[in-house]
Every structure is written in C-alpha cells, then in structure tokens.
Amino acid sequence: MGEVAVDSGKPVVDLLIINGQTFTASLDGLDPVYVAVVGDRVTYCGQARPDVHARRTVDVRGGVVLPGLISAHTHVAQAFGTGIFDDLHLTQWLVTLRRSYSTLTDEQVYAASLLGALESIRSGVTFINDMATAGQRYDVVAQAIADSGIRAHVGSAFLDRQEGDSPVPASSTDAVLDEMRDFHERWDGAGSGRIRAAITPVGLPSCSEALMRGAVELAADLDAPLHTHCSEEKEATAEAVERFGESEVSVLDRLGVLGPRTTAAHCVWVDDTDIGALARSGTLVAHCPSTNLKITDGIAPVELMRQAGVKLALGTDGAASSGGYDLLQEARLASMLAKGATMDSRALPNDAIWGMLAGSAQHFGNADRDGSPGLYEGMLADIAVIAYPRLHLVDERRFLSNLVFSATAADVGWVLIGGQMLVEDGCLTQYDEIEAMERVRRAMASLAPLTTKET
Ligand SMILES: [Zn+2]
C-alpha cells in the first residue's frame, strides 16, 4: 500500500475508518467496509480490516461510507437568509439580490460565504462548483471557501451586459476578461490545490457574444473549466431567440461554450435540439430543483435529458433562491419533481439520483474514473459517512432509497476532505458552529436594512 513501515513491521496509515458499510456493487444493499487513508488519498478499501498501524482510527459505528457529495452549482455568498428574497420571480429576485449585495461589507460577505461553505460540508458535500455573487468582492468569497476546507471550483458572476432593470455594468468586455484572468492567477491551486479557478461568465442574458467568445478562449488558454447559467428563465430564453435568432443553448454551442469541461446550470427551457447539443458536447447540466420552483424558473426536463445521455448533477444553487445548501434535499425534490412532472413513476430512478449526487467527480477533475460513484483505492479521500441506523434509515437492503427519500444533512456523521476530518460525530471539527453562527449574526446586525424596493 506504499506506507512507511514502522517498528511493528506493519504499514502505517494516517486514518483508518472502521465498522463502516458501503453500497454493494449493484446498489441493492450494504457490505462492510474498512477505509484507510494516507495523505489525501484512499489507499485501501475492502471488507476485511487491513493489518496496518493507524495513526488515527475512527469508528463510524455502522455508518454508511460514501464518496463525498458534489454540489455542481452553488453561490455560497448567498447564505444570509434574510427572507427578503421570498415570493419573487427570477427577474425581480435578481435585481433585489444585486442591489442588496452591493451594500455588503467584506466582513459580511466573508461571514456569509463561510457559512454557506460550512453548511455544504455539514451536509456531506465535499466539492462545490461556486460562482460568487457579491459584486467585486469575489476574492473575499474565494478566501472564505478556501478557509472552510472544502474542495471547490471558484469563479464570479462576470458580466458585461445590462439585463432587464439591472444596473449598467461598469466594466468593458476586455476589462472583464482581464478580471477573469487575474482572478484565475490569484486563486487557481490555492488551499494546497483544493481550490481551482473556473472561467465563469454568468450567463448569456448578461453577457455579450464577445465576452462568451473571450471566456472560451481564456478557458482554453488557461486549461480551466467553464461554468455558466443556461436557459433558466422562460422570458430570458425567449429573448435569446429575439437577440440571436436561435436558442440560448444553440448560441452557447456555436460559440464553443458547451463542452466536456463546461457546467451549465439549470437548462430549464430546452427543446430536443438543445438536449441533443448538451448530450453531444458532454456538457454537465447542474439541476437545481429548489431554485427552479421557488423563483418560478419552471421545471427542467431532467428525465428527457437523462434518456438523451446528458451528463447530470445536482446543485443547491444559492440560499437566496433555494433556501439552503443541503444537497440531500435537492435529491429528494429532484426525484419527486421528475416523477410528478412526467407522471411517470420510473422517471429519475434512484441510481440516476445517486449518479447526480456524487458521479461528477471526473467532470470536475477530481477522479480518474467515471460511471456509478463508489469507493476505490487511489481516489481522493473526499468521503461522507451517513450515520446509520436512524429512526428513518433502517432498511439496509434499500439504503439507496433511504438516502434519496429520507436522509437529510442532519444524518451526516463524518466528512473527510483531502484526508482532513472536517465533520466528526455530526459536528464541524475546525470551526465552532456556535461561533460561526454568532459571527454571521454580528455581521447581520450591522447590515443596512435590505429591501425589495428601490432606495
Ligand atoms: Zn445560480
């Protein structure tokens, strides 16, 4: 296993997880599992306890050991749940959000972003694909994400075009492209390599064609992933047809935005041709059902996309539009919504949901193998352990169903990211939860009153 031998003659590992269980290969039950970690990698996983000297042994008491969950589209800076974003349609919501966040201080943005990242970790998420929505304070957001201990792709909602009633962008296209390049230089590889910078034009409604082209060139030049919003709102999607004579997906395809390293968030208003382009290009679609319902984006045709072979993942989006960062709640809603919307009880079966929860590690460059997610030797030690059994999680023959329909963040017992234990026995280890919450409360207390009305 490559560990250093000590006097006992046994190989040494940094961490050994004992008394765990994990999915059988066919996902229809649970097998015992022991997991050994050296540095940031899993060096052993198997049913037999390895004969090693462990620097640290963690007894998960029957907990279900899973590869870490992946939230493929987030805005952790939106963790201030002020309630002012309720009952708004996307366009009003966006104006309110941009106005509110332009008044925040660095401390407020940092406290909110840290809270969002910690909430993600606490819910078993080990990787987030984040886009900062805090105006020019994107470095503050990236710093909070790096400090949280999570693995992430980071970027900011870069734009150069006025959308609806939003303020006129202050920067020219070239200046925005320079900002993206500078951001990448500052953040790519930060946090001992946990943080990678993505190229993140916010979305076609707020971006010129020149910015999108420039972003594609920049991503190729820097070998960076792309992340954008796509076809989220009915009106904006229709506007793209007016503006370009073709659909939003078609424009992104023509400009080279779509591709195997691109994440397109939402994709609600897509037709068969669009779905074909998303599948053919290998674009990952981040499905965010809570946001899609709360701010009345609509219902994404996820089952059609799945059947067409589109790569799919789940995202919590930002708390201002979804209510929080618990990815397991998104899994439950995604399944229910797909079945209800199609009136087909077989839509988005549990194994598809499991793939959407944890299967995009390779897309984000964190795994060297694709397919149904599972534990394997050599994988990054990004792991979530669901405490088991619980009152609502008792059937080990159908644990996947339990996970999809019954589990929440409150059931996550242990979280390991890059070999670091960040949640133990249901509590954060590197941050005092009460202190983190108090910091946010203090930051909120000095917050100028947020309002949906023009001030
Ligand atoms: Zn978003």
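Let's start with strand S18, residues 412-417, which is mostly covered: six of its six residues are buried. Keep in mind that this is a predicted model.

What does S18 pair with? On one hand there is strand S17 (residues 383-386), which runs antiparallel to S18 and is joined to it over four bridges. Within that pairing, Ala384 has Val415 of S18 as its bridge partner. On the other hand there is strand S19 (residues 420-424), again antiparallel to S18, this time over three bridges. Here Ile417 sits opposite Gln420 of S19. S18 and S19 make a hairpin with two residues between them, and Gly418 in that turn has a positive phi of about 55 degrees.

**How the two domains meet**

The protein splits into domain 1, made of 12-67 + 371-432, and domain 2, covering 69-358. Their C-alpha centres are 28 Å apart. Across the boundary, 24 residues of domain 1 are in contact with 24 residues of domain 2. Which elements give two or more residues to the domain 1 side? They are strand S7 (64-67), helix H14 (399-405), S18 and S19. H14 supplies the largest share of that side, with four residues. By class, the domain 1 side has 17 nonpolar residues, six polar and one charged.

Close by in the chain order is a cis peptide bond: the one from Tyr388 to Pro389, with omega near -5 degrees.

**The parallel sheet**

Next up is an open sheet of four strands, in the order S12-S13-S14-S15, with parallel pairing. Strand S12 (226-230) and strand S15 (311-314) are at the edges with a single partner strand each, so one side of each has no neighbour in the sheet. On average, neighbouring strands of this sheet are turned by 30 degrees against each other, direction ignored. For a look inside the sheet, take strand S13 (residues 262-266) and strand S14 (residues 284-287): they run parallel and are joined by three bridges. Ala265 stands opposite Ala286 of S14 in this pairing.

| Helix pair | Axes come within | Crossing angle |
|---|---|---|
| H2 (residues 106-122) and H3 (residues 138-148) | 8 Å | roughly 40 degrees |
| H12 (residues 327-342) and H13 (residues 350-358) | 10 Å | roughly 145 degrees |

H2 and H3 cross in the right-handed sense. From H2 the contact uses Asp106, Val109, Tyr110, Ser113, Leu114, Ala117, Leu118 and Ile121, while H3 brings Val140, Val141, Gln143, Ala144, Ile145, Asp147 and Ser148. Sorted by class, this contact has 10 nonpolar, three polar and two charged residues.

H12 passes H13 in a right-handed crossing. Here the contact is made by Leu327, Ala331, Ala334 and Ser335 of H12 together with Ile353, Met356 and Leu357 of H13. These residues divide into six nonpolar, one polar and no charged.

Where do non-glycine residues have a positive phi? One of them is Ser231, with phi near 50 degrees. Another is Met343, with phi near 55 degrees. Met343 is in the loop between H12 and H13, the helix pair with the right-handed crossing described above.

Are these two residues buried or exposed? Ser231 is buried, because 29 other C-beta atoms lie within 10 Å. Met343 counts as exposed, because it has 7 C-beta neighbours inside 10 Å.

Technical notes: Residues are numbered from 1 along each chain as its sequence is written. This is a predicted model: local features need pLDDT of at least 70, side-chain atom pairs count only at pLDDT 80 or more; totals for chains, interfaces and linings use all residues. Axes are lines fitted to C-alpha atoms, for helices over the stretch in contact, and angles run from 0 to 180 degrees between N-to-C directions. A crossing is left-handed if the near helix is turned anticlockwise from the far one by less than a right angle, and right-handed if clockwise. Two residues are in contact if their C-beta atoms, placed from the backbone, lie within 7 Å. Ala, Val, Leu, Ile, Met, Phe, Trp, Tyr, Cys and Pro count as nonpolar, Asp, Glu, Lys and Arg as charged, and the others, Gly among them, as polar. A residue is buried if 20 or more other C-beta atoms lie within 10 Å of its own, exposed if 12 or fewer, and partly exposed in between; C-beta atoms are placed from the backbone. Two strands pair if DSSP finds at least two bridges between them. Domain bounds come from an automatic or database domain assignment.
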